[in-house]
Amino acid sequence: MNREQPLAIVTGGGTGIGRALTAELVRHGLAVVIVGRREAPLQRTQADLAGVSGSVEPLAADVATEAGRERIIAALGERPVRLLVHNAALLEPVAPLAEVSLADWRQHQAVNVEGPLFLTQALLDRLAGGRVLQISSGAAHHPYASWGAYCSSKAALHMLYQVWREELRERNVQVGSARPGVVDTPMQAHIRTLDAKRFPHVERFRHLQANQMLVKPADAARFLAWLLLATTDREFGAAEWDINECAERWRAWEVPAA
Ligand SMILES: NC(=O)c1ccc[n+]([C@@H]2O[C@H](COP(=O)([O-])OP(=O)(O)OC[C@H]3O[C@@H](n4cnc5c(N)ncnc54)[C@H](OP(=O)(O)O)[C@@H]3O)[C@@H](O)[C@H]2O)c1
């Protein structure tokens, strides 16, 4: 990895939105550390992007554990971090709140809330002049039956974004939040397999896919890369961004040559 290239960290960079965002950032010349628990998807992302102007460094680590976060810090050495993208997340448990177990709830919170919170905290000293982006969801603001854990964790993440934003401004760290739309990823594929008894809204998601209405990962990534690389500091953190509310801007953004 070239130590002169600005460094980005993308959690969940082996699949879905994180993988597509990594491709965008690499095309813009960044060195991207991608984090996930499984080695294979991370290595595939790295292999597929070999030869593009930036670089990809796969790092198998679990953001939900202290050991995993320490592994990430250790792998960075002394390098400053320009962009930190909290994209890794868990959807399960999909179940009515009446049936959610304490262990499943805690695991969900550990991935979706504690991971981003304590990874940002551990990286604060390296983030001066940089940006932190949290991947939010419509589920942070709208209740879905059987998504109690997911809706609650994304709502908590949204509040973390707002509090971090206030607290970190003085340290010259900008904090943003973005809703990528309903994107064609492994998480969406999993949603469509759910039984309607378990997830009453499943037909809505099947309908979106059947009618080619899912957002392509490459479009979600372009939106996120535009937000990270092309907005002013004031714009970046001003409010949570929705892919559909600024489509004219990110679609018009110039794509660099690969
Ligand atoms: N797809 C959508 O429609 C949609 C809509 C709104 C918001 N989002 C949000 O977008 C983000 C990306 O989702 P996606 O749809 O791209 O789903 P995805 O393909 O399932 O990606 C999730 C990624 O997170 C990683 N991950 C999960 N737990 C982890 C852990 N403990 N430590 C490290 N990495 C972990 C997974 O890799 P490993 O399994 O190898 O760890 C995987 O690469 C999520 O925050 C999701 O909530 C998605």
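This is a predicted model: local features need pLDDT of at least 70, side-chain atom pairs count only at pLDDT 80 or more; totals for chains, interfaces and linings use all residues.
Residues are numbered from 1 along each chain as its sequence is written.

The shell around the ligand holds 29 residues, of which Gly-12, Gly-16, Arg-37, Ala-89 and Thr-185 come nearest; a residue counts as near if its C-beta atom, placed from the backbone, lies within 6 Å of the molecule. Helix 1 (16-27), strand 2 (31-36) and helix 6 (186-192) are the elements that give two or more residues to this shell. Helices (H or I, at least four residues) and strands (E, at least two) are DSSP runs, numbered from the N terminus. By type, the shell comprises 15 nonpolar, 11 polar and 3 charged residues. Here Ala, Val, Leu, Ile, Met, Phe, Trp, Tyr, Cys and Pro count as nonpolar, Asp, Glu, Lys and Arg as charged, and the others, Gly among them, as polar.

Helix 1 deserves a separate description. Its 12 residues should span 16 Å at 1.5 Å a residue, and the end C-alpha atoms are 17 Å apart, which agrees; the expected span is 1.5 Å times one less than the number of residues. A residue is buried if 20 or more other C-beta atoms lie within 10 Å of its own, exposed if 12 or fewer, and partly exposed in between, with C-beta atoms placed from the backbone. After helix 1 comes Gly-29, which has a positive phi near 85°.

Helix 1 meets helix 8, their axes coming within 8 Å and crossing at roughly 55°. Helix 1 is therefore oblique to helix 8, and the crossing is right-handed. Axes are lines fitted to C-alpha atoms, for helices over the stretch in contact, and angles run from 0 to 180 degrees between N-to-C directions. Angles under 35 degrees count as roughly parallel, over 145 as roughly antiparallel, 65 to 115 as roughly perpendicular and the rest as oblique. A crossing is right-handed if the near helix is turned clockwise from the far one by less than a right angle, and left-handed if anticlockwise.

Helix 8 (residues 217-230) has 14 residues and reaches 19 Å from its first C-alpha to its last, close to the expected 20 Å. Its buried residues include Ala-220, Phe-223 and Leu-227. The C-alpha atom of Ala-220 is separated by 9.6 Å from that of Asp-184, 36 residues apart along the chain. Asp-184 lies in the loop between strand 6 (174-179) and helix 6, and is buried because 21 other C-beta atoms lie within 10 Å.

The loops hold several backbone features. Most residues other than glycine have a negative phi, and most peptide bonds are trans. Glu-92 and Pro-93, however, are joined by a cis peptide bond with omega of about 10°, and Pro-93 lies in the loop between strand 4 (83-86) and helix 4. Asn-172 has a positive phi near 60°; this residue is exposed, with 11 other C-beta atoms within 10 Å. Gln-212 likewise has a positive phi, of about 50°, and is exposed, with 8 other C-beta atoms within 10 Å.
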